[in-house]
Amino acid sequence: MSRSNNGKAGRRLRLFKRREDDLLERSFRSCPGCDADVHVFADVCRHCGGALEIALAG
């Protein structure tokens, strides 16, 4: 027996509101040399080749 979409999906009871996941935003930072987005664990910028310090969570 298959379930068909008969319009009841929009009327579900939601107990928790979904939040935007900011993990992607937290995974990148700006390069001080060229202002490009680089990964937080990168030690060298791919765009300008500048050295980066690994930022520690504080």
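In the predicted model, residue A36 is located in the loop that joins β1 (28-30) to β2 (37-39). The relative accessibility of A36 is 15%, and the residue therefore counts as buried, since buried means under 20% relative accessible area. When residues up to four places away in sequence are left aside, the contacts of A36 are R29, S30, C31 and H47. A further relation was computed between A36 and C48: the two residues are separated by 12 residues in sequence, while their C-alpha atoms lie 8.7 Å apart in space.

S27 is placed in the loop between α1 (23-26) and β1. For S27 the relative accessibility is 17%, so this residue also counts as buried. With residues up to four places away in sequence not counted, S27 touches V38, H39 and V40.

The surface was considered next. L13, L15 and F16 together make a nonpolar surface patch, with an area of about 470 Å². One member of this patch, F16, belongs to the segment before α1. F16 has a relative accessible area of 73% and is therefore exposed, as the term exposed applies over 50%.

In summary, A36, in the loop between β1 and β2, is buried at 15% relative accessibility, and S27, in the loop between α1 and β1, is buried at 17%.

Methods: Residues numbered from 1 in each chain as written. Predicted model: local features only at pLDDT ≥ 70, side-chain atom pairs only at ≥ 80, totals over all residues. Heavy atoms only, no water. Helix = DSSP H or I, 4+ residues; strand = E, 2+ residues; numbered from the N terminus. Buried < 20%, exposed > 50% of the residue type's maximum accessible area, 1.4 Å probe, protein only. Contact = heavy atoms within 4.5 Å. Patch = residues over 30% accessible without salt bridge, like charges linked within 9 Å, V, L, I, M, F, W, Y side chains within 5 Å. Areas by Shrake-Rupley, 256 points an atom, 1.4 Å probe, with all protein chains shown as cover. Salt bridge = Lys/Arg side-chain N within 4 Å of Asp/Glu carboxyl O.
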